[in-house]
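Hello,

Here is the structure I promised to pass on. Please open it first, then read the notes below beside it.

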Amino acid sequence: MKKECYIGVDVGGTFTKAALLDHKGRVLSKAQVSSRGFSNKRYFADTLRNMSLRLAALARIPFGEISAMGIGLPGPIDSERGVILSLTNIRGWNHFHLAGFLEKYLPFPVYVDNDANCMALAESRLGAAKGARFALCLTLGTGVGGALILDNGIYRGPFFLGGEVGHMPLYASGPVCECGGIGCLERYVGNQAIARRARQIFGKAIALEEVSRLARRGHAKAKKVWQEVAVCLALSIAGIVNVLGPQVVVIGGGVAQAGNALLVPLRTRVRRHAMRHLKNKIRIVRAALGNDAGFLGAALLAKEKLDTR
Ligand SMILES: [Zn+2]
């Protein structure tokens with residue numbers, strides 16, 4: 001019997017990470033390249049082909065044993081047709097049929113999806129939400145990514161915009177958001193907004209890692225920064241919890257490295273706003289897979305798409 005392997009690719013703004021997984025979800029090899037030059041589509045295709053060859057060689061498996069590739073990208077993506085609807089960090093890719101284009105260069109099928117959806121799929125199958133049929137996953141970084149696992153599958157919605165937690169309106173008179181909305185959650189808990197608030201509270205510029213470190217040691221100003229983030233996040237999370245009633249909320253991304261400085265006030269605040277019957281059932285946990293969740297989820301996406309084809 002042919003052994004089935006899958007490649008997962010996580011296309012970030014700076015780096016693109018990839019891994020080769022076996023059919024049980026075990027990582028056989030990993031690779032990373034710079035994302036520079038990807039606005040040239042031919043160059044992107046060549047890079048992915050070279051990466052695939054390298055991953056197979058590193059894992060010492062024949063290239064022909066690779067069954068499919070999954071790719072996670074930051075933006076709304078029609079994952080049924082493999083079309084990027086819009087992408088902010090790489091120019092010229094809007095409404096681009098990426099899967100069809102790459103399949104001209106690669107000998108296996110290619111599936112694409114939003115990177116937050118990939119992260120959620122990985123946490124659902126292998127990480128912090130394993131065993132939960134209903135989960136909300138957030139990635140807190142420059143932007144606030146969100147994804148929903150409903151009845152064990154990714155919820156994408158008819159326009160492939162489901163799960164955009166970062167663009168839940170928080171304040172009616174808040175700042176205009178690049179999404180076209182006003183006062184979105186991302187304007188308050190994106191890492192630039194947190195850095196700005198930390199600068200006000202400390203009276204000087206301070207790195208968020210330092211704010212986390214000080215908060216762990218009980219520093220009052222540092223704790224205040226994360227408590228304010230928790231207040232904003234909790235309103236959005238409790239809203240979703242009350243509507244969908246998930247079993248677990250997974251918090252990932254760079255900002256989640258604040259750890260308990262953020263999670264402890266967040267749990268308290270979510271319980272304050274959640275409905276009585278839900279507040280003791282909901283678990284709020286840190287993501288388990290870290291930066292690997294993107295490529296792991298992309299590979300799992302490829303496997304599951306192929307399995308259900
Ligand atoms: Zn927005």
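**Two hairpins in a row**

β10 and β11 make a hairpin, with two residues between the strands. In that turn, Asp 151 has a positive phi of about 50 degrees. Keep in mind that this is a predicted model. The strand β10 covers residues 144-150. Two bridges join β10 to β11, and the two strands run antiparallel. At this pairing, Leu 150 stands opposite Gly 153 of β11.

β10 takes part in another hairpin, with β9. Three residues lie between β9 and β10 there. Six bridges hold this antiparallel pair. One of the pairings to look for is Leu 138 with its bridge partner in β10, Gly 146. β10 is mostly covered, with six of its seven residues buried.

**The five-stranded sheet**

Which strands make up this open sheet, and in what order? The order is β11-β10-β9-β12-β13, five strands in all, and the pairing is mixed. β11 (153-154) and β13 (283-286) stand at the edges. Each has a single partner strand, so one side of each has no neighbour in the sheet.

Helix α8, residues 260-273, lies across β12 and β13. Helix α8 runs at about 160 degrees to β13.

Ala 135 sits in strand β9. Is Ala 135 buried or exposed? There are 25 other C-beta atoms within 10 Å of Ala 135, and 20 or more count as buried, so Ala 135 is buried. Setting aside neighbours within four places in sequence, the contacts of Ala 135 include Ala 120, Ser 124, Ala 129 and Ile 149. Pro 246, Gln 247, Val 248 and Val 250 are also in contact with Ala 135. Glu 103 is 32 residues away from Ala 135 along the chain. The C-alpha atoms of Ala 135 and Glu 103 are separated by 32 Å.

**The two domains**

Now step back to the whole chain. The protein is divided into domain 1 (5-118 + 292-307) and domain 2 (130-287). Their C-alpha centres lie 28 Å apart. Nine residues from domain 1 and 12 residues from domain 2 take part in the contact between them.

Which elements supply the side of domain 1 that touches domain 2? β5 (77-78) and α3 (115-126) each give at least two residues. The largest share, three residues, comes from α3. By class, this side of domain 1 has five nonpolar, two polar and two charged residues.

**The three-stranded sheet**

β5 also belongs to an open sheet of three strands, in the order β5-β6-β7. The pairing in this sheet is antiparallel. β5 and β7 (96-97) stand at the edges, each with a single partner strand, so one side of each is left without a neighbour in the sheet. Strand β6 takes in residues 83-84, and two bridges join β5 to β6. Ile 77 has Ile 84 as its bridge partner in β6.

**A parallel pair**

Look next at β4 (residues 66-73) and β8. Five bridges join them, and they run parallel. Ile 71 stands opposite Val 112 in β8. Strand β8 spans residues 110-114, and five of its five residues are buried, so β8 is largely enclosed by the rest of the structure.

**The core**

The largest nonpolar core has 93 residues. Which of them touch the most other members? They are Cys 137 and Ala 299. Helix α7, residues 220-244, gives the largest share of this core, 12 residues. Domain 1 and domain 2 each give at least three residues to this core.

Best wishes

Terms used:
Residues are numbered from 1 along each chain as its sequence is written. This is a predicted model: local features need pLDDT of at least 70, side-chain atom pairs count only at pLDDT 80 or more; totals for chains, interfaces and linings use all residues. Domain bounds come from an automatic or database domain assignment. Two residues are in contact if their C-beta atoms, placed from the backbone, lie within 7 Å. Helices (H or I, at least four residues) and strands (E, at least two) are DSSP runs, numbered from the N terminus. Ala, Val, Leu, Ile, Met, Phe, Trp, Tyr, Cys and Pro count as nonpolar, Asp, Glu, Lys and Arg as charged, and the others, Gly among them, as polar. Two strands pair if DSSP finds at least two bridges between them. Axes are lines fitted to C-alpha atoms, for helices over the stretch in contact, and angles run from 0 to 180 degrees between N-to-C directions. A nonpolar core is a set of buried Ala, Val, Leu, Ile, Met, Phe, Trp, Tyr and Cys residues joined through C-beta atoms within 7 Å. A residue is buried if 20 or more other C-beta atoms lie within 10 Å of its own, exposed if 12 or fewer, and partly exposed in between; C-beta atoms are placed from the backbone.
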